[in-house]
Amino acid sequence: MKVKRGRIVIFIILSVIILGTVLATTETIWGRITKGLDLQGGFEVLYQAAPNQKVNTDILNQTASAIRNRIDILGVTEPDITVEPPNRIRVQIAGVKDQKKARDIIGKPAQLTFRDPTGKKILLKGTELKPDSAKVGYDQNNQPVVEIQLTNAKKFEQITRKYIGQSMPIYLDENQLSAPTIVQAIPGGRAQISGQESPEAAQDLASLLNAGALPIKLTEIQSYAVDASLGEEALKDSLKAGAYAVLAIFIFVIGYYRLPGLVAVITLIAYGYLVLLVFDALNMTLTLPGLAAFILGIGIAVDANIIMNERIREELRYGKSVRTAVKIGSKRSFLTIIDAHVTTIVAAGLLFYFGTAAVKGFSVSLIAGIIVSLLTAVALSRIMVNLLVQSNLMNKPSWFNVKEDEISDL
Amino acid sequence: MIYNLDFVGKRKLFFGISVLLIIAGVVSLFVQQLNLGIDFVSGTRLDISMGKRVNIEESKKTLTELGYENPNARVGGKKSDVLIFRTSETITPAKISKVEDAFNKQFATKVSIQSQVVDPVIGRELARNAIIATLLACVAIVIYVSIRFEHRFAVAAVVTLFYDALFTIGIFSIFQIEVDVVFIAAILTIIGYSINDTIVIFDRIRENFQKLQPKKWDELSDMVNESIRQTLVRSINTVVTVLLAALALVILGGESIRNFSLALIMGLISGAYSSIFIASQIWVVWTWRSMKKKSVSA
């Protein structure tokens, strides 16, 4: 049979394109993928609405967006805030340096109130602050203060008139921030909050007020904090383990399946790369359960290759030519692989629909992995093996690790 | 070597072994339960990385001085450099800073701390939710496999999947290996493999059944044996590849992923075993019974 060089060239070009793309862009994509706090350090807090207040999904969503505004103060990118009805909000932030400060800023209701001299009766609520009006200033003693503006200047003037000569303490939640004495009625709706420890503290308070009060009071019911260095270590360990595992799998697959083994390895590399791309495109966070699903996906992708190759070898042992064996083997194994994949997708889909948090993360990665596996381990694998076989260069059963004496004479 | 193994003939032996393993696991679950990690018990867990070998006595003393009487502390980490401290109290971030300062001073080092404060309700909710989701997933598998194959395959596949999950949970109970939320992900992964593995063998059984049309018990059992033999290399090779990955994670992966990988290894072996020795055998026994019934009524 004549050797068709064209097919070989296409095969080599295809392999080079795949491997080249993977080598050139993996690092960038890997860098873009958000790693979960278990892999990067950071913390997770699960908040629950304190009892005796009205809570519904709308209010939770408003609270979540208020929390998002506050996290912006911290200058952290991509916090993960999930509303978990009926009454919980999960906040995950990776890569925060000062976790204590972050938690202080996120969880406070930050309800600013002006109260009567006893501190018990609320005269005015901070919800009536002008948007983005809070800023840092300095009083006559050059001490930092926070300057605020109220929307209802008239009401503020009336209240201050009523309390001339008395103190009108300003509270943030249940903490008294300052207790200025009203010397005269204040027009224009401007007020100052003194008693700031430092310009930084004043700035934090101003930012917090601008970010807006939380519509409901939250309590921390669960938290999980990973020191950045520990997270890094976990990621490094996992990557190292992953590298050795992948190497071992490659050696095993090529050693056992020879030529189609090599094809399987190329498609597995493509598999890993595409799954990373999906993670990046869907803005998914890579966590340990996600990593678990990734490993399961590798297993399923390897399995698809193994099923096809075993089927081809079986046909070769019956004495079929390489070309026919590949044709029949690919065809017969196709439905098997589809059934196995679809069953797993069905299961993963239901886990996604009914599961929460970690279970959801797991099932999303699993579904992504299975779909990519269909593309690489099934479609790409077949294309590449066919290119090789049709070139007539690789037409000996030994390329498939089938020995001559295994082939029956029938 | 593998060409004359009689799997169906030995099915009673393997049913026996499987039932014994499950009974051992269930008894252990009743007697000593699971060693629940912090996720399912309320309180705080601190993982304090010392940057050097942990001196457990000194560490306990330091914790006692900080006001934690009789601290429940143990050494962990690959280099025995992590102190794992659990308490039923809630330790606030401010208190964690105090612990950090005290350890830095006492051991002249720079420690880093991983903390976890837990309301057990959440962990239990997650577990319950995972169980419900899994049960619904099983129903869907039964429906899908019943449509694509037939109901006997579907039920046998789901029984097998329960076996694998229960086997792994049982082993974790017998050896009192700590179970945390990540363990749930491991069980889900095991179920995923188990179903994948079983479907591949069933697919071959279905194919051979249509091709050979067995009428007698000997023909039926030979057909199943042959199907298992034909897929055996694939079953073994697939498990070997995934085991390579899981083993690497156990040996090289960090503390947090080790128990997960252990569960995965046990589940994988169980999954490969059960699809051959449980799933296929349930199917063959059940199918034979319905074939007999049919021939009697015919």
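Biologist: Which helices each supply at least two residues of the lining of the second largest pocket?

Modeller: This is a predicted model. In it, α1 (5–32), α7 (228–281) and α8 of chain A each supply at least two lining residues, together with α7 of chain B. Helix α7(A) gives the most, with 17 residues.

Biologist: How many residues line this pocket, and which of them lie nearest its centre?

Modeller: The second largest pocket is lined by 28 residues. Nearest its centre lie G242(A), A243(A), V246(A), F294(A) and I298(A). The volume of this pocket is about 840 Å³.

Biologist: Why is R258(A) called partly exposed?

Modeller: Its relative accessible area is 39%. Buried would need a value under 20%, and exposed one over 50%. The value lies in between, so R258(A) is partly exposed.

Biologist: Which phi value does Q33(B) have?

Modeller: Q33(B) has a positive phi of about 50 degrees, and Q33(B) is not a glycine either. Q33(B) sits in the loop between α1 (11–31) and β1 (35–36) of chain B. At 46% relative accessible area, Q33(B) is partly exposed.

Biologist: Which residues does S173(B) touch, setting aside those up to four places away in sequence?

Modeller: S173(B) touches S28(B), L29(B), Q32(B), Q33(B) and L34(B). S173(B) itself lies in helix α5 (residues 151–174) of chain B.

Biologist: Why does S173(B) count as buried?

Modeller: Its relative accessibility is 0%. The limit for buried is under 20%, so S173(B) counts as buried.

Biologist: What about Q281(B): buried or exposed?

Modeller: Buried, because its relative accessibility is 0%. Q281(B) is found in helix α8 (residues 255–297) of chain B. Leaving aside neighbours within four places in sequence, its contacts are F7(B), V8(B), R11(B), F15(B), I228(B) and I276(B).

Biologist: Now to charges. Why is the pair D303(A) and R234(B) called a salt bridge?

Modeller: Side chains of opposite charge can pair when their charged atoms come close. Here the N to O distance is 2.9 Å. The cut-off is 4 Å, so D303(A) and R234(B) qualify.

Biologist: What makes this pair, D303(A) and R234(B), a link between two chains?

Modeller: D303(A) lies in helix α8 (residues 288–317) of chain A, and R234(B) in helix α7 (residues 217–252) of chain B, so the pair joins two chains. D303(A) is buried, at 2% relative accessibility. R234(B) is buried too, at 3%.

Biologist: Which residue forms a salt bridge with E314(A)?

Modeller: R204(B) does, with the closest N and O atoms 3.0 Å apart. This pair also crosses between chains, from helix α8 of chain A to helix α6 (residues 181–212) of chain B. Both E314(A) and R204(B) are buried.

Biologist: How far apart are the closest N and O atoms of R148(B) and D339(A)?

Modeller: They are 2.7 Å apart, in a salt bridge. R148(B) is in helix α4 (residues 120–148) of chain B, and D339(A) in helix α9 (residues 322–354) of chain A.

Biologist: Are R148(B) and D339(A) buried or exposed?

Modeller: R148(B) is partly exposed, with a relative accessible area of 29%. D339(A) has 0%, so D339(A) is buried.

Biologist: How many salt bridges are there over all chains?

Modeller: The count comes to 23. Some form a network, which links R45(B), D47(B), R74(B), R86(B) and E178(B).

Biologist: Last, the sheet. What order do its four strands have?

Modeller: The order is β6-β5-β9-β10 in chain A, with antiparallel pairing, and the sheet is open.

Biologist: Why are β6 (122–125) and β10 (175–178) of chain A called edge strands?

Modeller: Each pairs on one side only. Neighbouring strands of this sheet are turned by 35 degrees against each other on average, direction ignored.

Biologist: How do you know that β9 (residues 170–172) and β10 of chain A pair?

Modeller: They share three bridges, in the antiparallel sense. Pairing needs at least two, so β9(A) and β10(A) pass. In β10(A), S178(A) is the bridge partner of I170(A).

Biologist: Which strands does helix α5 (residues 153–162) of chain A lie across?

Modeller: It lies across β5 (112–115) and β6 of chain A, and runs at about 155 degrees to β6(A).

How values were computed: Residues numbered from 1 in each chain as written. Chains lettered and ligands numbered in written order. Predicted model: local features only at pLDDT ≥ 70, side-chain atom pairs only at ≥ 80, totals over all residues. Heavy atoms only, no water. Axes fitted to C-alpha atoms, helices over the stretch in contact; angles between N-to-C directions. Contact = heavy atoms within 4.5 Å. Salt bridge = Lys/Arg side-chain N within 4 Å of Asp/Glu carboxyl O. Buried < 20%, exposed > 50% of the residue type's maximum accessible area, 1.4 Å probe, protein only. 1 Å grid on protein atoms, 1.4 Å probe; cavity = no way out; pocket = protein on both sides within 12 Å on 5 of 7 lines; lining within 4 Å. Points joined across faces, edges and corners; volume = space filled by probe spheres on them.
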